[in-house]
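Please read it alongside the sequence and the model.

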Amino acid sequence: MGCCQSSMLLRVGERETHPEKEKEREKEKEQAYGNHQRQSEGGEGDGEKEVVDFSFSEFSLAELKAATNNFSSEYIVSESGEKAPNLVYKGRLQNQSRWIAVKKFSKSAWPDPKQFVEEASGVGKLRHPRLANLIGYCCDGDERLLVAEYMPNDTLAKHLFHWETQTIEWAMRLRVALYIAQALHYCSSEGRPLYHDLNAYRVLFDQEGDPRLSCFGFMKNSRDGKSYSTNLAYTPPEYLRNGRVTPESVIYSFGTVLLDLLSGKHIPPSHGKNNMLLMDSHLEGKFSTEEATVVVNLASKCLQYEPRERPDTKDLVTTLAPLHTKPDVRSHIMLGIPKHEEVPSTPQRPLSAMGEACSRMDLTAIHQILVATHYRDDEGTNELSFQEWTQQMRDMLEARKRGDYAFRDKDFKTAIDNYSQFIDVGTMISPTVFARRSLCYLLCDQPDPALRDAMQAQCVYPDWPTAFYMQSVALAKLDMHKDAADMLNEAAALEEKRQRGAR
């Protein structure tokens with residue numbers, strides 16, 4: 001798959017273990033998770049979600065193209081849109097309901113494929129509920145992509161700086177600070193203490209509204225690229241001197257995030273040290289002065305000019321953990337957003353070319369398949385007597401022929417008109433005509449009549465996989481993704497049954 005060898009993952013993932021060091025590491029993990037994380041997801045209050053078991057793997061470029069609708073601009077979720085040098089897309093892997101985030105690097109970002117895979121694999125070993133975890137990569141020719149869990153509820157920057165209905169309440173801001181501190185502490189304990197350009201855009205909210213740290217920040221935007229892309233006013237002073245990111249630089253950046261949380265604005269560090277006046281005016285009378293003082297003092301320590309005078313990640317967690325006083329309130333409630341429900345996945349079956357095209361809603365490919373299939377699936381659905389071969393019958397077949405020519409030539413509106421003439425006569429019923437008109441409606445952005453035609457095709461030919469496949473596409477166009485996935489699975493089952501019968 002591409003020019004990168006999957007066996008490299010094993011070499012990167014190997015690590016020599018020592019009993020005493022492992023004990024120390026387990027203690028560090030416990031500190032990183034926090035006491036309240038021992039609860040199960042179904043327990044009371046905030047609890048703790050188990051990390052979804054995504055194994056780290058290599059993806060093909062074709063898989064990621066299909067998942068992102070060929071990297072459609074409609075799927076871009078980067079804050080800067082198409083202007084960003086390295087775009088991030090949302091996508092959905094074939095036959096899966098869960099969304100993914102795909103970061104696409106510029107062509108020249110990582111010229112050495114081995115180095116790219118080693119960097120990605122190192123980040124891919126990290127697994128923590130406070131991270132938007134990296135689940136894979138693609139290294140195909142000169143293409144370099146990272147694949148991570150998708151966080152559907154925007155960034156901290158969006159909720160802090162660009163909110164519309166309500167700002168983030170104080171308790172939630174404290175939770176954000178603690179959770180990101182825990183993420184940094186965990187990564188530090190796992191030997192990944194460096195994070196590039198930590199800021200409010202790197203903090204993401206998952207389907208339950210819990211804040212997570214983006215895994216993309218553990219890799220630079222290019223092999224030789226800058227570690228900080230933000231305004232120099234927010235950059236650690238030592239980075240300006242030597243251009244190197246250190247663990248202490250990450251602490252400095254965490255201090256700038258604390259200032260964001262305190263003020264509700266993106267203010268330069270030089271304006272925010274030891275100053276209670278920076279508090280967000282929208283929080284007036286709704287926060288604890290004692291707690292705010294603790295956070296201001298911690299931010300001041302993080303923003304010390306001398307790196308050695310800054311706290312470490314363990315100090316961050318120790319300071320912030322006692323301020324987490326609302327563990328029983330769910331994050332999405334504090335954010336004032338509905339809980340995002342993932343569509344449950346359906347059992348996967350091998351898909352035919354038609355199934356593959358329908359699963360990724362590739363209408364062009366579906367059109368090619370229906371043209372090639374012609375009317376061979378209509379055999380046996382109509383028995384006509386000699387008396388029925390009237391002039392009306394010949395006119396009806398002529399209308400179908402005109403519809404077929406228009407369908408072949410992609411004149412879909414004309415095809416709809418002619419197929420409708422054929423159907424309205426009613427003497428001869430063709431499931432293929434219904435399927436073809438269904439696709440024409442989809443290509444004319446009319447999913448409702450498309451769904452009706454696909455259902456009519458099923459009525460005429462109850463076990464016809466194509467009828468079910470067309471229904472799945474129409475349902476997906478209507479944003480009925482659970483029903484679409486079920487219909488796709490049913491179509492695949494019928495196709496499998498048909499293939500077994502043909503043997």
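Counting a disulfide as a pair of cysteine sulfur atoms within 2.5 Å, the structure has zero disulfides. This is a predicted model, in which local features need pLDDT of at least 70 and side-chain atom pairs count only at pLDDT 80 or more, while totals for chains, interfaces and linings use all residues. Residues are numbered from 1 along each chain as its sequence is written, and side-chain values use heavy atoms, with hydrogens and water left out.

**Cysteines**

- The closest cysteine sulfur to that of C215 belongs to C187 and lies 9.7 Å away, which is too far for a bond.
- C444 is likewise in no disulfide, its nearest cysteine sulfur being that of C440 at 6.7 Å.
- C215 is buried at 5% relative accessibility, whereas C444 is partly exposed at 21% (buried is under 20% relative accessible area, exposed over 50%, partly exposed in between, with a 1.4 Å probe and protein chains only).

**Sheet**

- An open sheet of mixed pairing holds five strands in the order β1-β5-β6-β3-β2 (strands are DSSP runs of E, at least two residues, and helices runs of H or I, at least four, numbered from the N terminus; two strands pair if DSSP finds at least two bridges between them).
- β1 (57-58) and β2 (87-92) are the edge strands, each with a single partner, so one side of each has no neighbour in the sheet.
- β5 (residues 134-140) and β6 (residues 143-149) run antiparallel and are joined by six bridges.
- Within β6, L145 is the residue opposite C138.
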